Every structure is written in C-alpha cells, then in structure tokens.
Amino acid sequence: MKIINTDIAIMGSGLAGLSAAVTALEKGARVAVFEKRPFQGGGVSNTPMMTLAVRDDQAYKDKAFKLHMEYTNWNANPDVVRSWIDNSSRIPDFIRGLGIEFAGSMMNPLEELGTKRGYGAGFPNAFHIGDYYYLKPIGQGHGAAVICKKMADRVKALGGELHFSTPIQSLIKEGDKVVGALAKDKEGNTVQINAKAVIVASGGFSDDKELLAELGLKLTDKNCSDGGNVVFNHFCNAQLTADGQKAVWKIGGARSGMAVNGHNMCPGPGIVAHNVGWIHRNKLRTVQEQPYLWVNHKGERFISEEQSDCHMAMVTAINNTKEKYAYLVFDEDTAKHMEEDGVEYFYFIFKAVKLTDVRKQFEEVIAKGNKHVFLTDTLEDLADQTGIRKEALLKTIETYNGYCDQGYDAQYAKDPKYLFPVRKSKFYAMRVFVGGYHAYGGIKVNGRCEVLDKDFDVIQGLYAAGDCCASEIYGNPPVGGIGVSTLSFAQGFITADQATAYVQQ
Amino acid sequence: MKIEIKDFCIRCGLCEDLYPELFHFDHPSDSIILKSEEVSGDLIEVAKNAARDCAIAAIHLKN
C-alpha cells in the first residue's frame, strides 16, 4: 500500500478545493490534493462566467446578509451565510494574485441591492447582493477553467501535491477525529493518506441518478429522449456523483438538504450545443426566456409569466406540474414583435434584442428532429402535436386573450406590458423541462466549514467547501440558487484558514 | 500539420461541439479523440480555429 503523509488532504480540485489548497500552502501547511479525473477543474470544466464579491464594508455586508437570509426565509444556516459573505471580498484579489485580470465588473451600490434580478437576469433579486466580476475566458470557454488551471499551477509552484486519477474513496476516523483517507491510484492500488485534516470539496451530484431520483427527478439526455425530466446544461460530463457526501455520511456526518439549481430548458437538438450549454445554435434559447403565455400539459396557466426571467421560479413551477414540463405558446404577431420590437427578456449569456426570422429558426430546429419545438397552422394542430389537452388549451387562450384585450390579467396580475394575445396563425410552442445548472448539497457544516455529525457536533479535522455543502447557504430544503463560484472561493479560503490553524495547533 | 491535445485538457467537449469534423468526445473513456492527428487542406484552418477556441488552450498545433 502506498502511503502519503501530509498536513491537509483535499478531496477535489475544483474552485473550492484548489482555492483551499493555494491558501493553505501560502499559510505554510503541507497540502495534497486528490482528484478522481486526470485533470484539475471538477465541475467547473464548463462554467461559470462570473463571480460575486460582497464588498468589505459592514453596512454592505449586513444588507447582503439580511437580503439573503430573508430570501431563504431564514432556513439557510445564518453562520455559514455570514462567513461566506464576510470572506467573499477576498475573491477579487485572490484571482488577480493568480495573474488573471477580470474581463469586467459591475459595481452594485448599497442602496440598490436586492432591487434587480441577480447577475442581471436569470436569478432572484436576492442574488443582487454584491459586485459582479466577469471571469476572463480564453477561447470560447468560461473563465473558471482558466482559474483552475492557474491554481493547479500555483499549487505545484508552492510545493503542494496534485494527485490526479486518484479518487478518495473513504475517510479514516479515529475516535472523534478524521486522520486521513483512503484513495485508489490510477493503477488501482490503494493509497493511504495520513493527514491531520481533510477538506472535502468534491462537488455536487448532477451525475448521480439515484440521488436525483430521491428528489423525484429522472436524469435524462440532452434531447429528453428517454422519458426523463431533468437535463443539466452546465457541469456536463463532470462525473459529479456525491463521492465526498457519501464518504462523510459513512463516518457519521449529518445529511443536509440537497437540491437542483434550476434552469428551465427546451432541450435539443439544434438549440444549444451538446456538451457546452452556452454555445447556442440559434436564438431559440432566448425565445424560451420570454414572458408570453405558458401552459402546463393540461392546457392551464401555472405561473405569472413575468417570472420567466427567474429560472429558479420557473423550474419550481414546472417541477410542481405532474409531467415536470410545460409549454411556451405564442403566435405569429408575437414572433413578428420579437423581430421588429425586440424581446422582453434576455439571459445575460445569450444577449439579444431583436430576433431574426423566428419562423425559419423554428422550422430549422424541427427539421433537425427536435421533438420539443412546434409550429402549426391552427391551435387545434398545436394541441394535437404537443399533446396539450385541446379543450382546456383553447379555453385558456380565449380567457387569456380577453385579459390581453382588457390590459389586465385577472388570474395572476401579470404586468400588462407582457400580455400578448395568441390569435394569428402560425402558432408556436416550445416544450420546456425541469433543467438545472447543477445539483448540490448533502454535507452539513457550521460557519467555520467544520463538518457536523448526526448530533450536529463537530467532527474534528474534517471540513467541507463548495457545492457539496451549498445547501447550508440556500436553505434546507434549499430554495435553489446560483453563484456557487462565490461560495466555492470563499469556503475554500475559510477551510484553509481553519484547517491550517487546526493542524498547526 | 499535427494536432496535439495536452494532458490538462478538461474534457468540456467544446471542441466536439464546434469542430466535430476533428474531435470526438468519447464518454466511456472520458477522453477527447482526435479523428485525425495530422490535418491538411481545409482542415488546417479548422484546426487553427479549434486551438484558438479551446477553453484551456490545450489544443496545440505543430507543423
């Protein structure tokens, strides 16, 4: 058996694991990082494109904290939220210290916090709690991939160890302390890691079908062609199977909430690229953001459509339908409106104002075999092709058109500026599924990122950071969220601070 | 011209999405497969674009 002795063993080499490694090395600890894949990066191999830092100003931090806690109805862990917010101001300098400049930034004034959609669009106002920093990518990638590579290089330069293709499979606990872990190297040999502390930063569980099934979700492919109902558009192929969570649970760690960070999606083919969710093939990805008429499979409205630029709200509402999918429906006049006047909403990754030739784009995607995009001459045909209950759909549209004529939505009080009737052929529909950026949570921690056992007592020498404990930030059960990169960086710093102090005692 | 994929490739699959004529993401082996290690003619420009667009600068070209 191969033996590795170190101060701090880190499970996972994503943003959380590597920021912990760099920080701990700079504090003088010996560090060894273990990654199951043959390269650094984990789930961030294809995301994210920005991060958030709450500036180091007490009034600003206090407001951000209160906004976030109110958003979660105070079922997030306030100590974990507070420590994340307090440490997030370290992020910009840390990234610059890697030799990386930001592509840009958006400074959000104190008095405006919580007044806009988080990150500009796509997320609840409760994520409008700090300054946004755009990570500078290379090529057509996202910036986090570059940051992880730079951090891996920094770990090596600082004398740390990086063990790729060496998954940690279990933790070693003696009494009430974690004292190491067991891993397998790429030849299949067992590696015993003797460590004074272990940081679990192994990511979420987007690829774990059993854990997703516990949430009532069936992981499907990018085309939703196998009867499944949840599709991920980021962190694809990252092999996120809750390895850290399972190792922690096995030694008595408490289980915290687990959730999918929602992102409603009309699947492929022909809309976005197969592997990388931000490579779009046309403008249909922008169409599915719009606040026109949305109905469920029964032909009934189910949400005020003005929420369509809040992905978590849309996914929650779609997830509450029996089928776990819904339809955006509009007519030729609205298609023309998107071309001549512009769209109501755009998601910040897919910037668009006026679309071009919406009908042609629908026809092209349908010709590619997409089973979730529809274009018909009559509403009856639309019902037949989509499977939406015909009578109910026609009745809903009749009522909805009345709201449009009156300029008042008596059902959900949707802003009148988003009331567009469905009258003129041709008729368009997109079937939109429960989707997600990723799935996260499972490990319960305190504000020092120490892992808690089933009695909520600290397991000595064991820390967790990033997606694997993100539900402590988003509540239990989690209310969803985004911006986990800010959490991953900040908790990387916190676990490094705490673990280094612990091993140097 | 020869194409080389460096070992720090992060398997995001962007190269397959953009340039399927040169790259295949083999999920069972978690590896990016070059359809041809040596390119000529029109594929030289494709390979240059792939090297430029790679998220981690892992695609290298050699004359």
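## A salt bridge between the chains

A salt bridge is a side-chain nitrogen of Lys or Arg within 4 Å of a carboxyl oxygen of Asp or Glu. This model is predicted, and one such pair joins its two chains. R37(A) and D30(B) bring their side chains together in a salt bridge, at 2.6 Å from N to O. The pair counts because 2.6 Å falls within the 4 Å cut-off. Across the interface of chain B and chain A, the rule finds 1 salt bridge.

The next section gives the totals.

## The interface of chain B and chain A

How much area do chain B and chain A bury between them? The figure is about 1,700 Å². Of this, 55% lies on carbon and sulfur atoms.

The contact takes in 20 residues of chain B and 22 residues of chain A. Polar contacts also cross it: there are 9 such residue pairs, with both residues at pLDDT 80 or more. Two elements of chain B give two or more residues to the side that touches chain A, namely α1 (14–18) and α2 (43–53). Helix α1(B) gives the most, with 4 residues. By class, this side of chain B has 11 nonpolar, 2 polar and 7 charged residues.

## Two helices packed in chain A

Now look inside chain A. Helix α1 (residues 15–26) packs against helix α5 (residues 143–157). Their axes lie 9 Å apart, at an angle of about 30°. The crossing of α1(A) past α5(A) is left-handed.

Which residues of α1(A) meet α5(A)? They are L15(A), L18(A), S19(A), A21(A), V22(A), L25(A) and E26(A). Facing them in α5(A) are A144(A), I147(A), C148(A), M151(A), A152(A), R154(A) and V155(A). By class, the contact of these helices holds 11 nonpolar, 1 polar and 2 charged residues.

## Salt bridges in the whole structure

Over all chains, a search finds 32 salt bridges. One of them pairs the side chains of D62(A) and R82(A), at 2.7 Å from N to O. This pair links distant parts of the chain, 20 residues apart. D62(A) sits in helix α2 (residues 58–71) of chain A, and R82(A) in helix α3 (residues 78–88) of chain A.

Why can such pairs form? Side chains of opposite charge can pair when their charged atoms come close.

## Backbone features in loops of chain A

Two peptide bonds to look for are cis. The bond from G268(A) to P269(A) is cis, with omega near 0°. P269(A) is in the loop between β11 (255–262) and α8 (284–287) of chain A. The bond from S425(A) to K426(A) is also cis, with omega near 10°. K426(A) belongs to the loop between α13 (390–406) and β15 (427–443) of chain A.

S165(A) has a phi near 50°, a positive value in a residue other than glycine. Its loop runs between β6 (161–163) and β7 (168–174) of chain A.

Notes:
Residues are numbered from 1 along each chain as its sequence is written. Chains are lettered from A and ligands numbered from 1 in the order in which they are written. This is a predicted model: local features need pLDDT of at least 70, side-chain atom pairs count only at pLDDT 80 or more; totals for chains, interfaces and linings use all residues. Side-chain values use heavy atoms; hydrogens and water are left out. Axes are lines fitted to C-alpha atoms, for helices over the stretch in contact, and angles run from 0 to 180 degrees between N-to-C directions. A crossing is left-handed if the near helix is turned anticlockwise from the far one by less than a right angle, and right-handed if clockwise. Contact means heavy atoms within 4.5 Å. Ala, Val, Leu, Ile, Met, Phe, Trp, Tyr, Cys and Pro count as nonpolar, Asp, Glu, Lys and Arg as charged, and the others, Gly among them, as polar. Buried area is the accessible area (1.4 Å probe) that two parts lose on being put together, summed over both. A polar contact is a pair of N or O atoms within 3.5 Å; within protein, one must be able to donate a hydrogen and the other to accept it, and residues adjacent in sequence count only if both atoms are side-chain atoms.
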